[in-house]
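Student: I have not looked at this structure before. Could we go through it step by step?

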Amino acid sequence: MPLITPRTVYLNGAFLTENEARISIFDRGFLFGDGIYEVTAVLGGKLIDSPYHMRRLERSVREIGGHLPVSTDDIVAAEKKLIEANDLTEGLVYVQYTRGAEDRNFNYSEDLLPTLVMFTQAKTLEHVAAVEKGLKVMIVPDQRWERRDIKSICLLPQVLAKRMASAEGCDEAWLVEDGFITEGASSTAYIVTEFGKIITRGNSNATLPGCTRLAVLQLAQERGLDVEQRAFTPQEAMTAREACLTSASNFVLPITMIDGSPVGHGKPGPIFRRLRELYMENARKTAV
């Protein structure tokens, strides 16, 4: 077997091999899921939508009463160093923040030193089969907490939802609450009506404010595409002309089947193709 070179990772200001990096068993991220994460796509060795991700990271940390140990400029500089060190052309950079480590205690100390971890992950993002064949989605109950606008590392409900979907041969789970789709387990959900209107749920505590979503909606509105931000039902989704999702790890991908029923003609549609074209063009233009 060929030797696999260990990745370089970042841990609390130091660049180490992944085998050297160590985190305390008393870290609150491990004990309580007390932390935040962010993930940024990399294309051509450059970061995609980086300012959006850094603003969301700052907001999420602030919403849990935490503080970043370094500036977001420092974080971006470290991300770029990791990309170079790991010779990453296409993939993802993860940033994970936790409140820090101390003896197990729900009521954490105020003077904890945060833990900050970053690592890269190689992944094909642009030329994927799903662009042409689409994704299959399963609708499952939304069992998450009420502050989904915070990008928490507590992802057990999403893990279980995705496993349920995978067991049925699906690629993603769309979560439903009070009769409406909230979002995907790790993506933002969209449908296109028979009149060509793009529908996606507006931001609130019920959904994560997606960075790819923000970029896509801005581009759609600039190009005069018809967009409405509102909740939609599973029935609307299954009778829509098109459906798609966005996320940092998928960009924009079509959904061609929901709960075993084809969406529209069961093939990626023109609105999806236009959104992906606009996004990819802008992503490359604004990458840093």
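Tutor: The questions below take up the sheet, a helix pair, a pocket and the cavities of this predicted model.

Student: Over how many bridges do strand 3 and strand 5 pair?
Tutor: Strand 3 covers residues 35-43 and pairs with strand 5 in the antiparallel sense. One of the bridge partners in strand 5 is G91, which faces V42. The pairing of strand 3 with strand 5 runs over eight bridges.

Student: How are helix 6 and helix 8 set relative to each other, roughly parallel or roughly perpendicular?
Tutor: Helix 6 (residues 211-222) and helix 8 (residues 270-286) pack with their axes 10 Å apart, at an angle of about 110°. Angles of 65 to 115 degrees count as roughly perpendicular. The two helices are therefore roughly perpendicular.

Student: Which residues of helix 8 does helix 6 meet?
Tutor: From helix 6, the residues in contact are T212, A215, V216, L219 and A220. By class, this contact has seven nonpolar, two polar and no charged residues. On the helix 8 side, the residues are L275, L278, Y279 and N282.

Student: Which residues are closest to the centre of the second largest pocket?
Tutor: This pocket holds about 260 Å³ of space. Its lining has 17 residues, divided into 10 nonpolar, five polar and two charged. Closest to the centre are L11, I23, Q96, T115 and V117.

Student: Which element gives the largest share of the lining of the largest cavity?
Tutor: The largest cavity has a volume of about 60 Å³. Strand 7 (135-141) and helix 5 (156-167) each give two or more residues to its lining. The largest share, five residues, comes from helix 5.

Student: How many charged residues line the second largest cavity?
Tutor: About 50 Å³ of space lies in this cavity, and its lining includes E183, R201 and R213. By class, the lining has one nonpolar and five polar residues, and the charged ones number three.

Key
Residues are numbered from 1 along each chain as its sequence is written. This is a predicted model: local features need pLDDT of at least 70, side-chain atom pairs count only at pLDDT 80 or more; totals for chains, interfaces and linings use all residues. Side-chain values use heavy atoms; hydrogens and water are left out. Axes are lines fitted to C-alpha atoms, for helices over the stretch in contact, and angles run from 0 to 180 degrees between N-to-C directions. Helices (H or I, at least four residues) and strands (E, at least two) are DSSP runs, numbered from the N terminus. Angles under 35 degrees count as roughly parallel, over 145 as roughly antiparallel, 65 to 115 as roughly perpendicular and the rest as oblique. Contact means heavy atoms within 4.5 Å. Ala, Val, Leu, Ile, Met, Phe, Trp, Tyr, Cys and Pro count as nonpolar, Asp, Glu, Lys and Arg as charged, and the others, Gly among them, as polar. On a 1 Å grid over the protein atoms alone, a cavity is a set of points where a 1.4 Å probe fits but cannot get out, and a pocket is an open set with protein on both sides within 12 Å along at least five of seven lines; lining residues have an atom within 4 Å of a point. Grid points are joined across faces, edges and corners, and a volume is the space filled by probe spheres set on the points. Two strands pair if DSSP finds at least two bridges between them.
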